[in-house]
Structure formats: structure tokens, C-alpha cells
Amino acid sequence: MGQLSRSELRKQIMTILYQINIYDNNKMKYNVDDVIKEVGKAENEFVKDTVYGVITYKNDIDELANKYLNNWTISRLGNTDQAILRMGIYELIYTDTPDIVAINEAIELAKSYSDDDVRKMINGVLDKILHNK
């Protein structure tokens, strides 16, 4: 089995965060490592670090998202959109992923999984965060 690209790994992270969001919203118990294993099949540091990072900083990430979502809140976005936005913000603020890569990867996922309006919202939020870093 070949190495998955970072883009493919981010798709896994999005799926894991999506799943966790559903569990949280339905007050269901879950084990983060199990969710990661279920989706990822293989151990991966990048996936694990990012998922745990987003969970750890979720309140700060959501606060930042809400600050730049005009008259909107992250909780009103769909689960997939929330996952993409949280991962994008996390990478932008808490990792050494180059800013442009963090933003582009989130936008690429949004192009595939979000509708156009939401993609623009995600783009706008990440852009504003970048310029206020």
C-alpha cells in the first residue's frame, strides 16, 4: 500500500471530524482512537495529531470561526462544512503547515463537499484569520 498524500489524509480527517460531530450532537459516547481507526485503517501521525488538535482547541477554533462568519455561527453549518472549517482553522493557527496550503486544502475539500455559498464562507473566514494572524 502506497503512502497517502496529505490531501487524501485530510479527507480522512474531515470524515473523522464529521463522525465525531455527529456523536457529540447526539450525546453519544465514543472513543476518538476507534473513530480514527474506523476511517483511517492505518496509523498515521498527521491524522492523529490533527484530529486531537481540533478536538483540543475546538472552543477556540469555533470562537474564531464565529467571529468571522458574518451573522452566522459555525454550529449552523452542516457537519461536513464544520469539519472542513475546523480543520482549516486548526492548520492555519496551530500547525506549521504553510498558510496557503492550509487554506487551499480546505477550499479544495469545500469544492467537493460543500455548496458554493458555504465554500465562499469558509474561504472568507480563513482569509480573514490569515490577515489577522
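Here are some notes on the predicted model above, point by point.

1. **Ground rules.** This is a predicted model, in which local features need pLDDT of at least 70 and side-chain atom pairs count only at pLDDT 80 or more, while totals for chains, interfaces and linings use all residues. Residues are numbered from 1 along each chain as its sequence is written, and side-chain values use heavy atoms, with hydrogens and water left out.

2. Buried means under 20% relative accessible area, exposed means over 50%, and partly exposed is in between (1.4 Å probe, protein chains only). Helices are DSSP runs (H or I, at least four residues), and strands are runs of E of at least two; both are numbered from the N terminus.

3. **Leu 126 up close.** Which residues does Leu 126 touch, not counting residues up to four places away in sequence? They are Leu 85, Gly 88, Ile 89, Leu 92, Ile 103 and Ala 106, where contact means heavy atoms within 4.5 Å.

4. **Arg 119, a charged residue to look at.** Arg 119 lies in helix H7. With a relative accessible area of 17%, Arg 119 is buried. Leaving aside residues up to four places away in sequence, Arg 119 touches Ile 107, Ala 110, Lys 111 and Ser 114.

5. **Salt bridges, starting with Arg 86 and Asp 62.** The structure holds 8 salt bridges, each being a side-chain nitrogen of Lys or Arg within 4 Å of a carboxyl oxygen of Asp or Glu. One of them joins Arg 86 to Asp 62, with the closest N and O atoms 2.7 Å apart. Arg 86 lies in helix H5 and Asp 62 in helix H4, so this pair ties together parts that are 24 residues apart in sequence. Are the two partners buried or exposed? Arg 86 is buried at 6% relative accessibility, and Asp 62 is buried too, at 13%.

6. **Lys 133 and Asp 99.** These side chains meet in a salt bridge of 2.8 Å, N to O. The pair links distant parts of the chain, with Lys 133 in the segment after H7 and Asp 99 in helix H6, 34 residues apart. Lys 133 is exposed at 55% relative accessibility, whereas Asp 99 is partly exposed at 26%.

7. **Asp 33 and Lys 48.** Here the closest N and O atoms of the salt bridge are 3.9 Å apart. Asp 33 in helix H2 and Lys 48 in helix H3 are 15 residues apart, and the pair links distant parts of the chain. Asp 33 is partly exposed at 26%, and Lys 48 is partly exposed at 26%.

8. Do have a look at Arg 10, Glu 91 and Glu 105, which are linked in a network of salt bridges.

9. **Backbone spots in the loops.** Lys 27 has a positive phi of about 50 degrees although it is not a glycine. Lys 27 sits in the loop between H1 and H2 and is exposed at 74% relative accessibility. Asn 71, also not a glycine, has a positive phi of about 50 degrees. Asn 71 belongs to the loop between H4 and H5 and counts as exposed at 77%.

10. **Ser 75.** Ser 75 is in the loop between H4 and H5, and at 57% relative accessibility it is exposed. The side chain of Ser 75 makes a polar contact with the side chain of Thr 73 at 3.1 Å. A polar contact is a pair of N or O atoms within 3.5 Å; within protein, one must be able to donate a hydrogen and the other to accept it, and residues adjacent in sequence count only if both atoms are side-chain atoms. The C-alpha atoms of Ser 75 and Ala 65 are separated by 9.9 Å, with the two residues 10 residues apart along the chain.
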